[in-house]
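Me: I'm new to this one and would like a quick tour. Can we start with the ligand and then move on to salt bridges?

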Amino acid sequence: MRVTLLQAYELLINGDVVAVPTETVYGLAASLNRPSAIDRIFQLKGRPQNNPLIIHLSHVSQVSSYVNQYPPDFEALASTFWPGALTLVMPIIAEKIPASVRAHLPTAAFRIPQHPLSQKLISQTGPLVMPSANLSGKPSSTHWKHVTDDFGADFPILDGGICSKGVESTILFYQEERWSIIRLGAIVPSAFLPILGYEPQIEKPKNGEAPLCPGQMYRHYAPKAKLVMAKTFPIDGKGVIIGFSDRKYPSGYRVLNLGKTSDPNTSVKKLYSVLRQLDVEGIVTAEVDIDFPQEGLWLTLAERLWKASTQGVVA
Ligand code: AMP
Ligand code: MG
(Lines give C-alpha, C1' and ligand atoms only; values in the text may rest on other atoms or scores of the structure.)
(Ligands and ions follow the chains in the order given, each with its own letter.)
Protein backbone atom coordinates (compact mmCIF):
# COMPACT_ATOMS: atom_id res chain seq x y z
CA MET A 1 0.00 0.00 0.00
CA ARG A 2 1.59 3.23 -1.08
CA VAL A 3 1.69 5.99 1.55
CA THR A 4 2.53 9.70 1.42
CA LEU A 5 5.63 11.23 2.95
CA LEU A 6 3.49 12.57 5.81
CA GLN A 7 1.94 9.15 6.44
CA ALA A 8 5.37 7.50 6.37
CA TYR A 9 6.60 10.07 8.92
CA GLU A 10 3.63 9.48 11.21
CA LEU A 11 3.93 5.71 11.02
CA LEU A 12 7.63 5.84 11.85
CA ILE A 13 7.36 8.17 14.82
CA ASN A 14 4.51 6.03 16.14
CA GLY A 15 6.75 2.97 16.11
CA ASP A 16 5.73 1.31 12.84
CA VAL A 17 7.86 -0.11 10.05
CA VAL A 18 7.66 1.44 6.56
CA ALA A 19 9.42 0.61 3.28
CA VAL A 20 11.41 3.61 2.10
CA PRO A 21 13.18 4.22 -1.21
CA THR A 22 16.87 4.99 -1.38
CA GLU A 23 19.04 5.33 -4.46
CA THR A 24 20.58 1.91 -3.73
CA VAL A 25 17.62 -0.35 -2.87
CA TYR A 26 14.36 0.01 -0.89
CA GLY A 27 14.84 -0.22 2.87
CA LEU A 28 12.62 -1.45 5.70
CA ALA A 29 12.76 1.54 8.00
CA ALA A 30 12.24 1.90 11.75
CA SER A 31 13.14 4.77 14.05
CA LEU A 32 16.42 4.22 15.91
CA ASN A 33 14.48 5.21 19.05
CA ARG A 34 11.80 2.54 18.70
CA PRO A 35 13.12 -0.81 19.96
CA SER A 36 9.89 -2.69 19.25
CA ALA A 37 9.86 -1.47 15.62
CA ILE A 38 13.50 -2.56 15.30
CA ASP A 39 12.58 -6.03 16.62
CA ARG A 40 9.74 -6.16 14.13
CA ILE A 41 12.16 -5.57 11.24
CA PHE A 42 14.09 -8.72 12.22
CA GLN A 43 10.82 -10.68 12.47
CA LEU A 44 9.38 -9.40 9.19
CA LYS A 45 12.52 -10.19 7.22
CA GLY A 46 13.37 -13.39 9.07
CA ARG A 47 16.75 -11.77 9.59
CA PRO A 48 19.25 -13.44 11.94
CA GLN A 49 19.76 -11.36 15.10
CA ASN A 50 23.52 -11.39 14.59
CA ASN A 51 23.24 -9.44 11.33
CA PRO A 52 23.40 -5.75 12.29
CA LEU A 53 21.49 -2.87 10.65
CA ILE A 54 22.78 0.26 8.92
CA ILE A 55 21.82 3.55 10.59
CA HIS A 56 20.66 6.12 8.04
CA LEU A 57 21.18 9.79 8.82
CA SER A 58 20.33 13.10 7.16
CA HIS A 59 23.42 15.07 8.18
CA VAL A 60 27.04 14.13 8.81
CA SER A 61 27.11 16.02 12.14
CA GLN A 62 24.72 13.39 13.57
CA VAL A 63 27.53 10.80 13.57
CA SER A 64 29.40 12.78 16.23
CA SER A 65 26.87 11.94 18.92
CA TYR A 66 27.55 8.19 18.53
CA VAL A 67 31.36 8.12 18.39
CA ASN A 68 34.22 9.24 20.62
CA GLN A 69 36.36 10.18 17.66
CA TYR A 70 36.29 9.85 13.91
CA PRO A 71 38.67 7.38 12.26
CA PRO A 72 41.30 8.98 9.95
CA ASP A 73 39.86 10.23 6.64
CA PHE A 74 36.29 9.89 7.90
CA GLU A 75 35.55 13.56 7.12
CA ALA A 76 37.07 13.37 3.63
CA LEU A 77 35.11 10.19 2.84
CA ALA A 78 31.88 11.64 4.19
CA SER A 79 32.21 14.96 2.38
CA THR A 80 33.05 13.22 -0.91
CA PHE A 81 30.53 10.38 -0.88
CA TRP A 82 27.65 11.50 1.35
CA PRO A 83 24.86 11.71 0.55
CA GLY A 84 25.42 8.55 -1.45
CA ALA A 85 26.02 4.83 -1.68
CA LEU A 86 28.79 4.55 0.92
CA THR A 87 28.38 2.97 4.36
CA LEU A 88 31.07 3.56 6.99
CA VAL A 89 31.52 1.16 9.91
CA MET A 90 33.26 2.60 12.94
CA PRO A 91 33.71 2.13 16.70
CA ILE A 92 30.87 3.72 18.64
CA ILE A 93 29.89 4.63 22.19
CA ALA A 94 28.04 1.39 22.85
CA GLU A 95 25.26 2.69 25.10
CA LYS A 96 24.21 5.25 22.47
CA ILE A 97 23.03 2.59 20.03
CA PRO A 98 20.65 -0.28 20.87
CA ALA A 99 22.51 -3.60 20.99
CA SER A 100 19.99 -5.18 18.60
CA VAL A 101 20.88 -2.64 15.89
CA ARG A 102 24.61 -3.40 16.08
CA ALA A 103 24.22 -7.10 16.91
CA HIS A 104 26.14 -6.47 20.16
CA LEU A 105 29.23 -5.35 18.22
CA PRO A 106 31.34 -2.41 19.43
CA THR A 107 30.88 -0.83 16.00
CA ALA A 108 27.98 0.52 13.95
CA ALA A 109 27.37 1.25 10.27
CA PHE A 110 26.27 4.69 9.05
CA ARG A 111 25.09 6.09 5.73
CA ILE A 112 23.41 9.24 4.41
CA PRO A 113 21.24 8.23 1.43
CA GLN A 114 20.86 10.50 -1.56
CA HIS A 115 17.28 9.77 -2.63
CA PRO A 116 15.31 13.03 -2.09
CA LEU A 117 12.41 11.21 -0.35
CA SER A 118 14.60 9.34 2.11
CA GLN A 119 16.57 12.54 2.80
CA LYS A 120 13.43 14.51 3.47
CA LEU A 121 11.94 11.76 5.62
CA ILE A 122 15.05 11.26 7.76
CA SER A 123 15.44 15.01 8.27
CA GLN A 124 11.96 14.88 9.86
CA THR A 125 12.07 11.56 11.75
CA GLY A 126 15.71 11.56 12.84
CA PRO A 127 17.96 8.49 12.36
CA LEU A 128 16.35 5.41 10.83
CA VAL A 129 17.65 1.85 10.76
CA MET A 130 17.00 0.40 7.34
CA PRO A 131 18.04 -3.00 6.06
CA SER A 132 17.05 -3.92 2.52
CA ALA A 133 13.29 -4.40 2.08
CA ASN A 134 13.26 -8.08 1.15
CA LEU A 135 12.76 -11.37 2.93
CA SER A 136 16.11 -12.43 4.33
CA GLY A 137 18.18 -14.21 1.68
CA LYS A 138 16.02 -13.07 -1.24
CA PRO A 139 16.88 -10.50 -3.94
CA SER A 140 16.66 -6.90 -2.77
CA SER A 141 13.81 -4.61 -3.86
CA THR A 142 14.43 -1.89 -6.43
CA HIS A 143 10.76 -1.06 -7.08
CA TRP A 144 7.80 -0.70 -4.67
CA LYS A 145 6.11 -3.70 -6.29
CA HIS A 146 9.00 -5.92 -5.18
CA VAL A 147 8.28 -4.88 -1.59
CA THR A 148 4.62 -5.81 -2.04
CA ASP A 149 5.64 -9.21 -3.43
CA ASP A 150 7.60 -9.93 -0.24
CA PHE A 151 5.49 -8.27 2.47
CA GLY A 152 1.96 -8.15 1.05
CA ALA A 153 -0.37 -5.60 -0.50
CA ASP A 154 -1.14 -3.88 2.84
CA PHE A 155 2.46 -3.16 3.76
CA PRO A 156 3.12 0.61 3.83
CA ILE A 157 5.55 1.77 1.14
CA LEU A 158 6.80 5.21 0.24
CA ASP A 159 7.00 5.04 -3.56
CA GLY A 160 10.21 6.59 -4.84
CA GLY A 161 10.24 5.01 -8.29
CA ILE A 162 12.96 2.66 -9.52
CA CYS A 163 16.16 2.89 -7.48
CA SER A 164 18.74 4.76 -9.58
CA LYS A 165 21.72 2.62 -8.48
CA GLY A 166 19.76 -0.59 -7.88
CA VAL A 167 22.50 -2.23 -5.84
CA GLU A 168 23.53 -1.85 -2.19
CA SER A 169 26.05 0.59 -0.78
CA THR A 170 29.76 -0.18 -0.62
CA ILE A 171 30.74 -0.77 3.03
CA LEU A 172 34.10 0.43 4.37
CA PHE A 173 35.52 -0.68 7.71
CA TYR A 174 38.50 0.89 9.47
CA GLN A 175 41.12 -1.43 10.96
CA GLU A 176 44.88 -1.57 11.30
CA GLU A 177 45.25 2.00 10.09
CA ARG A 178 43.47 1.42 6.81
CA TRP A 179 39.96 1.35 5.44
CA SER A 180 38.99 -1.87 3.75
CA ILE A 181 35.94 -2.94 1.77
CA ILE A 182 33.80 -5.46 3.64
CA ARG A 183 30.98 -5.40 1.07
CA LEU A 184 31.30 -4.51 -2.59
CA GLY A 185 28.61 -2.15 -3.76
CA ALA A 186 27.64 0.78 -5.94
CA ILE A 187 30.90 2.70 -5.43
CA VAL A 188 33.90 1.06 -7.10
CA PRO A 189 37.14 0.51 -5.12
CA SER A 190 39.18 2.84 -7.39
CA ALA A 191 36.91 5.78 -6.48
CA PHE A 192 38.53 5.87 -3.03
CA LEU A 193 42.10 6.22 -4.31
CA PRO A 194 42.07 10.03 -4.72
CA ILE A 195 40.58 10.47 -1.23
CA LEU A 196 42.56 7.91 0.76
CA GLY A 197 45.74 7.76 -1.32
CA TYR A 198 45.26 3.99 -1.59
CA GLU A 199 42.67 1.62 -2.95
CA PRO A 200 40.99 -0.16 -0.04
CA GLN A 201 41.52 -3.89 -0.04
CA ILE A 202 38.50 -6.13 -0.49
CA GLU A 203 38.15 -8.26 2.66
CA LYS A 204 36.91 -11.77 2.02
CA PRO A 205 35.55 -13.92 4.87
CA LYS A 206 38.36 -16.17 6.11
CA ASN A 207 37.71 -19.85 6.81
CA GLY A 208 36.82 -20.45 10.43
CA GLU A 209 36.82 -16.74 11.33
CA ALA A 210 33.80 -14.54 11.92
CA PRO A 211 33.53 -12.23 8.89
CA LEU A 212 34.00 -8.48 9.44
CA CYS A 213 30.64 -8.01 7.74
CA PRO A 214 28.22 -10.41 9.49
CA GLY A 215 25.91 -10.35 6.47
CA GLN A 216 28.60 -12.25 4.54
CA MET A 217 27.79 -15.38 6.54
CA TYR A 218 24.43 -15.79 4.89
CA ARG A 219 23.06 -16.62 1.52
CA HIS A 220 21.82 -13.43 -0.11
CA TYR A 221 20.04 -12.05 -3.13
CA ALA A 222 18.90 -15.55 -4.07
CA PRO A 223 15.85 -16.38 -6.17
CA LYS A 224 14.24 -19.84 -5.85
CA ALA A 225 15.59 -20.56 -9.31
CA LYS A 226 18.95 -22.29 -9.60
CA LEU A 227 21.57 -20.06 -11.26
CA VAL A 228 24.27 -21.71 -13.34
CA MET A 229 27.28 -19.58 -14.30
CA ALA A 230 28.46 -20.03 -17.89
CA LYS A 231 30.62 -18.38 -20.50
CA THR A 232 29.55 -20.44 -23.52
CA PHE A 233 26.18 -21.76 -24.59
CA PRO A 234 25.70 -24.81 -26.81
CA ILE A 235 24.19 -24.16 -30.23
CA ASP A 236 21.39 -26.65 -29.60
CA GLY A 237 20.81 -25.51 -26.00
CA LYS A 238 17.54 -24.22 -24.62
CA GLY A 239 16.16 -22.63 -21.50
CA VAL A 240 16.72 -19.20 -19.98
CA ILE A 241 19.87 -17.09 -20.10
CA ILE A 242 20.47 -14.02 -17.98
CA GLY A 243 22.64 -12.22 -20.51
CA PHE A 244 23.29 -9.04 -22.44
CA SER A 245 21.27 -7.25 -25.12
CA ASP A 246 24.25 -6.75 -27.46
CA ARG A 247 25.32 -10.41 -27.43
CA LYS A 248 24.02 -13.17 -29.72
CA TYR A 249 22.92 -16.39 -28.03
CA PRO A 250 21.75 -19.62 -29.71
CA SER A 251 18.16 -19.31 -30.91
CA GLY A 252 16.71 -21.93 -28.52
CA TYR A 253 17.23 -19.70 -25.49
CA ARG A 254 15.03 -17.04 -24.00
CA VAL A 255 17.18 -14.14 -22.82
CA LEU A 256 16.46 -11.96 -19.78
CA ASN A 257 18.83 -9.11 -20.44
CA LEU A 258 20.95 -7.03 -18.11
CA GLY A 259 21.58 -4.31 -20.71
CA LYS A 260 24.74 -3.92 -22.75
CA THR A 261 28.17 -5.36 -22.09
CA SER A 262 29.50 -1.78 -22.15
CA ASP A 263 27.26 -0.56 -19.32
CA PRO A 264 27.73 -2.16 -15.88
CA ASN A 265 25.62 0.58 -14.22
CA THR A 266 22.55 -0.67 -16.05
CA SER A 267 23.43 -4.30 -15.41
CA VAL A 268 23.60 -3.93 -11.64
CA LYS A 269 20.49 -1.74 -11.72
CA LYS A 270 18.50 -4.43 -13.52
CA LEU A 271 19.87 -7.43 -11.65
CA TYR A 272 17.36 -7.78 -8.79
CA SER A 273 14.37 -7.23 -11.10
CA VAL A 274 15.63 -9.96 -13.39
CA LEU A 275 16.27 -12.36 -10.48
CA ARG A 276 12.80 -11.68 -9.12
CA GLN A 277 11.30 -12.20 -12.58
CA LEU A 278 12.59 -15.80 -12.52
CA ASP A 279 10.47 -16.57 -9.47
CA VAL A 280 7.42 -14.66 -10.71
CA GLU A 281 7.48 -16.90 -13.79
CA GLY A 282 8.33 -20.04 -11.86
CA ILE A 283 11.55 -20.58 -13.82
CA VAL A 284 13.50 -23.40 -12.20
CA THR A 285 16.96 -22.91 -13.69
CA ALA A 286 18.68 -20.04 -15.49
CA GLU A 287 22.13 -19.90 -17.00
CA VAL A 288 24.00 -16.67 -16.35
CA ASP A 289 26.42 -15.22 -18.88
CA ILE A 290 29.40 -14.29 -16.71
CA ASP A 291 31.71 -13.44 -19.61
CA PHE A 292 32.40 -9.90 -18.44
CA PRO A 293 35.47 -8.17 -16.96
CA GLN A 294 36.20 -8.92 -13.30
CA GLU A 295 36.81 -5.28 -12.37
CA GLY A 296 35.04 -2.11 -11.29
CA LEU A 297 31.27 -2.38 -10.99
CA TRP A 298 31.35 -5.71 -12.87
CA LEU A 299 33.01 -7.14 -9.79
CA THR A 300 29.98 -6.09 -7.71
CA LEU A 301 27.71 -7.77 -10.27
CA ALA A 302 29.82 -10.94 -10.18
CA GLU A 303 29.75 -11.03 -6.37
CA ARG A 304 25.95 -10.61 -6.25
CA LEU A 305 25.46 -13.35 -8.85
CA TRP A 306 27.80 -15.65 -7.00
CA LYS A 307 25.96 -15.19 -3.73
CA ALA A 308 22.59 -15.49 -5.46
CA SER A 309 23.60 -18.87 -6.83
CA THR A 310 23.75 -21.93 -4.62
CA GLN A 311 27.51 -21.81 -5.02
CA GLY A 312 27.51 -18.60 -2.97
CA VAL A 313 26.28 -20.31 0.20
CA VAL A 314 28.75 -19.80 3.01
CA ALA A 315 26.45 -20.84 5.83
P1 AMP B 1 21.39 -4.83 4.46
O2 AMP B 1 20.86 -5.59 5.57
O3 AMP B 1 21.02 -5.40 3.13
O4 AMP B 1 21.07 -3.38 4.58
O5 AMP B 1 22.96 -4.92 4.57
C6 AMP B 1 23.63 -4.32 5.64
C7 AMP B 1 24.98 -4.97 5.79
O8 AMP B 1 25.75 -4.15 6.68
C9 AMP B 1 24.91 -6.36 6.39
O10 AMP B 1 25.71 -7.24 5.63
C11 AMP B 1 25.50 -6.16 7.78
O12 AMP B 1 26.17 -7.31 8.24
C13 AMP B 1 26.45 -4.99 7.57
N14 AMP B 1 26.72 -4.26 8.81
C15 AMP B 1 25.86 -3.52 9.52
N16 AMP B 1 26.44 -3.07 10.66
C17 AMP B 1 27.71 -3.55 10.68
C18 AMP B 1 28.80 -3.47 11.61
N19 AMP B 1 28.71 -2.80 12.75
N20 AMP B 1 29.95 -4.11 11.27
C21 AMP B 1 30.05 -4.80 10.11
N22 AMP B 1 29.05 -4.93 9.21
C23 AMP B 1 27.89 -4.31 9.49
MG1 MG C 1 20.10 -7.03 2.35
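**Ligand and salt bridges**

Reply: Strand β6 gives the most to the shell around ligand 1, with 3 residues (strands are DSSP runs of E, at least two residues, and helices are runs of H or I, at least four, numbered from the N terminus). This is a predicted model, where local features need pLDDT of at least 70, side-chain atom pairs count only at pLDDT 80 or more, and totals for chains, interfaces and linings use all residues. Residues are numbered from 1 along each chain as written, chains are lettered from A and ligands numbered from 1 in written order, and side-chain values use heavy atoms, leaving out hydrogens and water.

Me: Which residues come nearest to ligand 1?

Reply: R47, N51, T107, R183 and G215, out of 19 around ligand 1; being near takes a heavy atom within 4 Å.

Me: OK, new topic: how many salt bridges are there?

Reply: The count is 7, where a salt bridge is a side-chain nitrogen of Lys or Arg within 4 Å of a carboxyl oxygen of Asp or Glu. In one of them, R111 meets E23 at 2.9 Å, N to O. R111 sits in strand β6 and E23 in the loop between β2 and β3, 88 residues apart.

Me: Is R111 buried or exposed?

Reply: Buried, because its relative accessibility is 2%; buried means under 20% relative accessible area, exposed over 50%, partly exposed in between (1.4 Å probe, protein chains only). E23 is buried too, at 3%.

Me: And what about R304 and E168?

Reply: Both are buried, and their side chains form a salt bridge at 3.2 Å, N to O.
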